[in-house]
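Me: Could you take a close look at one part of this chain for me? I would like a connected walk through it, residue by residue where that helps.

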Amino acid sequence: VQLQASGGGLVQAGGSLRLSCAGSGRTFSSYTMGWFRQAPGAEREFVAAISWSGKSTYYADSLKGLFTISRDNAKNTGYLQMNSLKPEDTAVYYCAASAALGRHSAIYDYWGQGTLVTVSS
């Protein structure tokens, strides 16, 4: 599975962005899709994950109610809707795919290249 993240950019605090993750290959729909982010000088951290069917979703506790993960398997694409953005949300956002379902980056076998989100105050 190859992944391509897009949709990042510069946004003011309080604004919204929607990231996309385009997957290639027939098996994309059978994988869990996750989003992670890495701020400058920080460790990569879990943001959200969605099961292959879309029926189960998981979020970092601090992002519940602010970010929404979804997917459209017919389009081989996943999404991360980010609302009420704050400067501390500034990071490179990565999408990833896993045969398992979970929050730990170690279980994700396939990674996109990342897209930069910058939130100005």
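Reply: Happy to! One cut-off first: a residue counts as buried when its relative accessible area is under 20%. Please keep in mind that this is a predicted model. The part to look at is strand β3, which covers residues 17-24.

Let's start with Leu19, which lies in strand β3. Its relative accessibility is 0%, so Leu19 counts as buried. Setting aside neighbours within four places in sequence, Leu19 has contacts that include Ser6, Gly7 and Gly8, as well as Trp35. Further along the chain, its contacts include Gly78, Tyr79, Leu80 and Met82, and also Tyr93, Thr115 and Val117. For a sense of distance, the C-alpha atom of Leu19 is separated by 13 Å from that of Leu85, a residue 66 places away along the chain.

Next comes Ser20, also found in strand β3. Ser20 has a relative accessible area of 17%, and because the cut-off is 20%, this residue is buried as well. Beyond its neighbours within four places in sequence, Ser20 touches Gln4, Ala5 and Ser6, then Trp35, and finally Thr77, Gly78 and Tyr79.

Then there is Cys21, the residue with the covalent story. A disulfide is a covalent bond between the sulfur atoms of two cysteines. Here the count comes to 1 disulfide, and Cys21 forms it with Cys95, the two sulfur atoms being 2.2 Å apart. The link between Cys21 and Cys95 is right-handed, with 70 degrees about the S-S bond. Cys21 belongs to strand β3 and Cys95 to strand β9 (residues 91-98), so the bond ties together parts that are 74 residues apart in sequence. Both ends are buried: Cys21 has 0% relative accessibility, and Cys95 has a relative accessible area of 0%.

Now for the strand's place in its sheet. The open sheet is formed by 4 strands in the order β1-β3-β8-β7, with antiparallel pairing. At the edges stand β1 (2-6) and β7 (67-72), each with a single partner strand, so one side of each is left without a neighbour in the sheet. On average, neighbouring strands of this sheet are turned by 15 degrees against each other, direction ignored.

β3 and strand β8 (residues 77-82) run antiparallel and are joined by 6 bridges. Within this pairing, Leu17 stands opposite Met82 in β8. Met82 is also among the contacts of Leu19, while Thr77, Gly78 and Tyr79 are among those of Ser20.

Conventions
Residues numbered from 1 in each chain as written. Predicted model: local features only at pLDDT ≥ 70, side-chain atom pairs only at ≥ 80, totals over all residues. Heavy atoms only, no water. Helix = DSSP H or I, 4+ residues; strand = E, 2+ residues; numbered from the N terminus. Buried < 20%, exposed > 50% of the residue type's maximum accessible area, 1.4 Å probe, protein only. Contact = heavy atoms within 4.5 Å. Disulfide = S-S within 2.5 Å. Pairing = 2+ DSSP bridges. Axes fitted to C-alpha atoms, helices over the stretch in contact; angles between N-to-C directions.
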